[in-house]
Amino acid sequence: MNYSIEGAPLPVVICDLEPGETLVTESGAMSWMSPNMKMETSSGGGLGKMFGRAFSGESLFLNRYTAQGGPGHIAFASSFPGSIRAFEIGPGQEIVAQKSAFLASTPGVELSTFFQKKIAGGLFGGEGFIMQKLTGNGVAFLEFDGHVKEYDLAPGQQMIVDTGYLAAMSMTCSIDIQTVPGIKNALLGGEGLFNTVVTGPGKIYMQSMPVAQLAGAIRPYIPTGN
């Protein structure tokens, strides 16, 4: 498979497949394709995985697109202004990403739900509590909101992140929730009561405009009915 990612800030990943090659995507993600791409819809691993995907913000079913009778051509566009990134998934290269980040992958990539281990994270972690875990072997395409900034964290090195800005991280990283110090800071600082703390070693990917932040920014300008 050859691919190119084009068109930021409204990107699309365009893939050229050899005969018999397959890409897996969530329902409704295909944007355009050549006539010889055959689509098959499946549960992607049974009832448990279906509901796991739904819980992490994905569709219940997965679509498989296979090039038949010759090379195939297929494109997947981002659903939000931002970035599409390609990740090589394999042993030691597993990724945890925000829910709804998955766009498409080769068939060897396994998609499952990732939970924070601590109860506090579950209660107060917001969008960071339920994430997606990508394991197996292959290439995965993930979509993020806005510009993406990468950091390499050394063992024990930390980054404090406001809710929603953590797009993805290596599985070697860990995440926890901490309260904003000081009652005055928490109540008047405008940053909320809790932050996400990411600890290395590993790579983290920060996004500049989470969709929830954009929605909050434009809400005052949307006319409301009487």
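Modeller: Helices here are DSSP runs of H or I with at least four residues, numbered from the N terminus. I218 is found in one of them, helix 4, which covers residues 211–218. Keep in mind that this is a predicted model.

Biologist: Why is I218 called partly exposed?

Modeller: Partly exposed is the class between buried, under 20%, and exposed, over 50%. I218 has 40% relative accessibility, so I218 counts as partly exposed.

Biologist: What makes I218, Y221 and I222 a nonpolar patch?

Modeller: Patch residues need over 30% relative accessible area and no salt bridge, and nonpolar side chains are joined within 5 Å. I218, Y221 and I222 form such a patch on the surface, with about 360 Å² of accessible area together.

Biologist: Why is S78 called buried?

Modeller: The cut-off for buried is under 20%. S78 has a relative accessible area of 16%, and therefore S78 is buried. S78 is found in the loop between strand 7 (72–77) and strand 8 (82–89). Leaving aside neighbours within four places in sequence, S78 is in contact with P11, I84 and E143.

Biologist: What makes a set of residues a nonpolar core?

Modeller: The members are buried residues of the nonpolar kinds, joined through side-chain atoms within 4.5 Å. The largest nonpolar core has 16 residues, and I95, L134, L142 and F144 have the most contacts inside it. Strand 8, strand 9 (95–98), strand 11, strand 13 (138–145) and strand 16 (166–170) each give two or more residues to this core. Strand 13 gives the most, with three residues. A second, separate core of 15 residues includes A29, I84, A104 and F141.

Biologist: Why is the pair R85 and E150 called a salt bridge?

Modeller: The test is a side-chain nitrogen of Lys or Arg within 4 Å of a carboxyl oxygen of Asp or Glu. The closest N and O atoms of R85 and E150 are 2.5 Å apart, and the pair forms a salt bridge. R85 lies in strand 8 and E150 in strand 14 (residues 148–153), so the pair ties together parts that are 65 residues apart in sequence.

Biologist: What joins R85, E150 and K203 into one network?

Modeller: Salt bridges that share partners join them. K203 forms a salt bridge with E150, with the closest N and O atoms 3.5 Å apart. K203 is in strand 19 (residues 202–207) and E150 in strand 14, 53 residues apart.

Biologist: How many salt bridges does a search of the whole structure find?

Modeller: The search finds three. One of them is between the side chains of E40 and K38, at 3.5 Å from N to O. E40, at 41% relative accessibility, counts as partly exposed, and K38 counts as partly exposed at 37%.

Key
Residues numbered from 1 in each chain as written. Predicted model: local features only at pLDDT ≥ 70, side-chain atom pairs only at ≥ 80, totals over all residues. Heavy atoms only, no water. Buried < 20%, exposed > 50% of the residue type's maximum accessible area, 1.4 Å probe, protein only. Contact = heavy atoms within 4.5 Å. Patch = residues over 30% accessible without salt bridge, like charges linked within 9 Å, V, L, I, M, F, W, Y side chains within 5 Å. Areas by Shrake-Rupley, 256 points an atom, 1.4 Å probe, with all protein chains shown as cover.
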